[in-house]
Amino acid sequence: MPFNEPLGFAKARTKARQYANDKERSTELLGNVLQKAVKHQAQLKGIWWDLMVLYRMLKAWTTGDYRAMPWKTIVLALTAAIYFLNPLDLVPDFIPGIGYLDDAVVLGFVMNSIRKDVSQYREWESKKGIQS
């Protein structure tokens with residue numbers, strides 16, 4: 001990977017590998033991600049677009065609609081989702097103003113690491129006429 005992993009990333013990645021082997025669990029995880037994201041949308045405005053594209057990409061993978069995601073990308077994307085759901089990560093989410101700062105760092109790290117795959121997914125969405 002081109003950059004050092006953020007703190008707490010390795011633990012979330014270990015869980016992500018387990019989720020990657022179980023699409024049913026991954027689907028449940030994604031439902032929780034969407035629920036939390038919508039609930040805290042105002043606090044997430046700086047990372048909303050990236051979070052939603054990651055959500056859509058993983059959702060398309062779990063349903064089997066999109067199959068062009070490499071294993072490494074699936075694991076990294078799930079790692080970001082798991083980290084996002086952890087309310088007591090490096091900077092607890094309930095701290096006003098900065099609670100999602102570490103989530104933004106992790107999401108940025110993942111998006112930078114899988115940039116090519118995200119771009120290919122966005123092209124696939126566009127060809128399918130999926131509105132983002």
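The model is predicted.

**Exercise 1.** Describe the order of helices and strands along the protein chain.

*Solution.* Begin with the count: the protein chain has 6 helices and 0 strands.

**Exercise 2.** Find which element gives the most residues to the largest nonpolar core.

*Solution.* Step 1: the largest nonpolar core has 42 residues, and Leu51, Leu54, Leu78 and Val110 touch the most other members. Step 2: list the elements that give two or more residues to this core, namely α1 (9–20), α2 (23–39), α3 (48–63), α4 (71–85), α5 (101–113) and α6 (115–128). Step 3: α4 gives the most, with 10 residues. Step 4: take Leu78 and set aside its neighbours within four places in sequence; its contacts are Ala16, Tyr19, Ala20, Ser26, Leu29, Leu58 and Trp61. As background, nonpolar side chains in soluble globular proteins tend to be buried together.

**Exercise 3.** Decide whether Asp102 is buried or exposed, and identify the partner of its side chain in a polar contact.

*Solution.* Step 1: locate Asp102 in helix α5. Step 2: the relative accessible area of Asp102 is 6%. Buried means under 20%, so Asp102 is buried. Step 3: the side chain of Asp102 makes a polar contact with the side chain of Tyr83, at 2.7 Å. Step 4: compare sequence with space: Asp102 and Pro6 are 96 residues apart in sequence, while their C-alpha atoms are 8.3 Å apart.

How values were computed:
Residues numbered from 1 in each chain as written. Predicted model: local features only at pLDDT ≥ 70, side-chain atom pairs only at ≥ 80, totals over all residues. Heavy atoms only, no water. Core = buried A, V, L, I, M, F, W, Y, C linked by side-chain atoms within 4.5 Å. Buried < 20%, exposed > 50% of the residue type's maximum accessible area, 1.4 Å probe, protein only. Helix = DSSP H or I, 4+ residues; strand = E, 2+ residues; numbered from the N terminus. Contact = heavy atoms within 4.5 Å. Polar contact = N/O pair within 3.5 Å; in protein donor to acceptor, adjacent residues only side chain to side chain.
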